[in-house]
Amino acid sequence: VGPNPHGPEFGTVEMVIHDSADTDLLFAGMQCRQSVQTSHFQSVLDLPPGAVCLASTDQDPHHAFAIGRLAWGVQFHPEYRVDVARAYIHQSADTLAARGLVANQLIRSVTDTPVARSLLRRFADIVS
């Protein structure tokens, strides 16, 4: 993990689900493109040994991955609702501005991500 070489990734972005997710308990059956909420300056630069990449974004090649059948790492925030995503961007406005991003533009572009949010319920069903 280290600073994302493509810069910070904040707001609602499109995540591409890879074919490797077809047999994954958590990601199987998801449409190939999903909107997700992001708010990070760092990224997984190299996957851990044995990890399988499940999804990526334009700025982050390892946006979701699995290790074995019951361990996942995700860069996006399935727990964020629209208001939470916007509030986090607002709170990070000065830091984002220092990196060339305009918080108000990001805030306006935030949209609901119900499929990504549904992963929390799916995760709970799998592990319970």
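Q: What does Phe76 touch, not counting residues up to four places away in sequence?
A: Quite a list: Met15, Phe27, Val36, Gln37, Thr38, His63, Ala64, Ala116 and Leu119. Contact here means heavy atoms within 4.5 Å. Before we go on, this is a predicted model, where local features need pLDDT of at least 70, side-chain atom pairs count only at pLDDT 80 or more, and totals for chains, interfaces and linings use all residues. Residues are numbered from 1 along each chain as its sequence is written, and side-chain values use heavy atoms, with hydrogens and water left out.

Q: Why is Ser39 called buried?
A: Its relative accessible area is 9%, and buried means under 20% (exposed is over 50%, partly exposed in between, with a 1.4 Å probe and protein chains only). So Ser39 counts as buried.

Q: How do you know that the side chains of Ser39 and Tyr80 make a polar contact?
A: They are joined at 3.1 Å. A polar contact is a pair of N or O atoms within 3.5 Å; within protein, one must be able to donate a hydrogen and the other to accept it, and residues adjacent in sequence count only if both atoms are side-chain atoms.

Q: Why are β2 and β5 said to pair?
A: Pairing needs at least two bridges found by DSSP, and β2 (residues 9–17) and β5 (residues 51–56) have two, so they qualify. Their sense is antiparallel, and Val16 has Ser56 as its bridge partner in β5.

Q: What makes β2 and β3 a pair?
A: There are eight bridges between β2 and β3 (residues 33–40), against a requirement of at least two, so they pair, again in the antiparallel sense. Across from Glu9 stands His40 in β3.

Q: Which residues touch the most other members of the largest nonpolar core?
A: Met15, Ile17, Phe27, Leu54 and Phe76, out of 16 residues. β2 supplies the largest share, three residues. A nonpolar core is a set of buried Ala, Val, Leu, Ile, Met, Phe, Trp, Tyr and Cys residues joined through side-chain atoms within 4.5 Å.

Technical notes
Helices (H or I, at least four residues) and strands (E, at least two) are DSSP runs, numbered from the N terminus.
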